[in-house]
Amino acid sequence: MATADDLKFQEFDDAANLLAANPDATTISIDEPAEIPKNKHGRLQQSGREEDDELLGTDDSDKTELLAGQKKSAPFWTFEYYQTFFDVDTYQVLDRIKGSVFPVPGRNFVRLYIRSNPDLYGPFWICATLVFAIAVSGNLSNFFIHLGKPTYHYVPEFRKVSIAATTIYAYAWLVPLALWGFLMWRNSKVMNIVSYSFLEIVCVYGYSLFIYIPTAILWIIPQKAVRWVLVMFSLCLSGSVLVMTFWPAVRDDNRRIALATIGTIVLLHALLAVGCLAYFFDAPELDFPAPNIPPHNGTTGITKIQ
Amino acid sequence: MRDLKAVGKKFVHVMYPKKSSALLRDWDLWGPLVLCVSLALMLQGGSADSKDDGGPQFAEVFVIIWFGAVVITLNSKLLGGTISFFQSLCVLGYCVLPLTVAMLVCRLVLLAGSGTVSFVVRLVVVIAMFGWSTLASTAFLADSQPPNRKALVVYPIFLFYFVISWMILTFTPQ
């Protein structure tokens with residue numbers, strides 16, 4: 001009995017030492033989820049004092065690299081490898097969503113919330129929800145806008161779902177791929193740049209799209225001014241999350257390249273919002289018929305104002 | 001005959017979801033197939049101005065239901081669920097039954113007329129059946145998930161049945 005206990009304790013110790021020496025060894029990390037909340041609290045206390053380092057992430061980049069090596073240690077053809085990308089609890093997903101909707105100025109989304117545990121759950125299901133939110137809201141809004149017209153016949157417009165899905169998933173995966181490639185290329189030329197892994201960039205983009213879901217639902221309101229205010233508001237919020245994440249990664253670079261990168265990120269984000277608004281939602285005062293329709297419709301008010 | 005009885009028993013289980021594991025133990029995919037085909041058939045004949053504007057085609061309904069069920073099953077397994085792949089497919093497929101009943105009711109109501117009253121009736125029926133489907137499948141699937149990730153697993157199921165309900169509600173005949 002005593003020998004068995006000694007062996008067990010020995011193995012644990014050896015595993016920790018071996019891991020420090022060789023981060024790529026295949027291990028089973030049973031207590032990983034418990035560690036992560038502790039790290040989160042520890043870092044929150046740190047970041048109150050040193051916000052600049054928090055942004056740069058220089059103080060914990062070593063730790064995050066080691067943790068990253070510990071987590072993705074299963075070979076890529078096993079199911080366990082992909083399970084490491086879904087190693088999040090409900091409260092973590094909700095925290096990340098909250099962090100993307102209420103960006104704190106000066107806080108880096110990746111360092112604060114992702115902390116070397118990027119997940120694919122959030123980006124995938126936020127994109128899926130966004131696809132259906134846009135398609136359903138667009139259909140509903142067109143229905144309400146054209147409601148009073150005698151020649152209007154309602155159609156479900158189901159094709160638009162596949163178009164929305166292609167657009168949004170392409171944006172959420174191809175743009176991070178391009179950005180990651182670009183940052184890797186710049187990283188090879190200029191030293192001291194904070195670098196993000198591909199999954200972390202996908203994570204940031206995925207969670208930053210969350211604000212568009214309530215925006216898409218509110219776009220049902222058939223007022224042009226309201227829709228554009230919503231576009232601006234959501235663009236500011238999610239754009240600021242992206243800018244605050246990627247500014248530390250490019251600010252050590254050539255000034256113009258840094259500004260061009262940030263500008264492109266924001267521009268693509270804006271294009272997505274405006275493009276979805278233009279394609280899926282008909283303009284409210286499009287070919288409004290002559291005013292001999294009984295004024296019980298909400299859209300009548302628009303022509304009166306304008 | 002025995003298979004038919006098993007399928008029938010599972011239908012009854014879905015309509016009255018007590019916490020039983022009979023559905024989970026002896027999975028079969030006959031029921032989901034029958035439900036999927038009948039739902040896709042009933043969604044045919046919707047109105048369309050052009051080919052691009054109409055409701056979902058037969059193949060689209062099929063793909064959405066099966067692909068959606070596979071994605072949800074993968075999602076719950078990746079999050080650490082202990083249910084097997086085909087058991088989860090079986091449960092998700094069988095819980096489409098209330099929505100198929102809703103589609104039947106909608107088609108009958110639309111035969112009577114397609115005004116506001118008929119829309120309100122259809123809305124109420126679809127919402128009720130959507131809630132029933134979601135609750136039934138959650139009752140069967142929730143136990144196999146780790147406790148702090150239950151909401152992460154239930155939400156995609158909610159989205160899945162919401163999309164099917166939307167297809168049913170927006171069906172307008174020629």
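**Rings and charges at a glance**

The charged end of A:Lys160 sits 5.0 Å from the centre of the A:Tyr279 ring, over that ring. Keep in mind that this is a predicted model. Counting every chain, the structure holds 21 aromatic pairs. Take A:Phe143 and A:Phe144 as one of them: their planes meet at 55° and their centres are 5.5 Å apart, so the pair is tilted.

**How exposed that tilted pair is**
- A:Phe143 has a relative accessible area of 27%, so this residue is partly exposed.
- A:Phe144 is partly exposed too, at 40% relative accessibility.

**A pair between helices in chain B**
- B:Phe130 and B:Phe162 put their ring planes at 70° with centres 6.3 Å apart, which means the pair is edge-to-face.
- B:Phe130 belongs to helix H7 (residues 116-141) of chain B and B:Phe162 to helix H8 (residues 150-169) of chain B, so this pair ties together parts that sit 32 residues apart in sequence.
- B:Phe130 is buried, because its relative accessible area is 14% and the cut-off for buried is under 20%.
- B:Phe162, on the other hand, is partly exposed, with a relative accessible area of 30%.

**A ring cluster in chain A**
- Four residues, A:Tyr171, A:Tyr196, A:Tyr205 and A:Phe246, are linked into a cluster by ring pairs.

**Another charge over a ring**
- A:Arg186 has its charged end over the ring of A:Trp185, at 5.1 Å from the ring centre.

Conventions. Residues are numbered from 1 along each chain as its sequence is written. Chains are lettered from A and ligands numbered from 1 in the order in which they are written. This is a predicted model: local features need pLDDT of at least 70, side-chain atom pairs count only at pLDDT 80 or more; totals for chains, interfaces and linings use all residues. Side-chain values use heavy atoms; hydrogens and water are left out. Rings of Phe, Tyr and Trp (its six-membered ring) pair if their centres lie within 6.5 Å; planes under 30 degrees apart count as stacked, over 60 as edge-to-face and the rest as tilted. Buried means under 20% relative accessible area, exposed over 50%, partly exposed in between (1.4 Å probe, protein chains only). Helices (H or I, at least four residues) and strands (E, at least two) are DSSP runs, numbered from the N terminus. A charge sits over a ring if NZ of Lys or CZ of Arg is within 6 Å of the ring centre and within 35 degrees of the ring normal.
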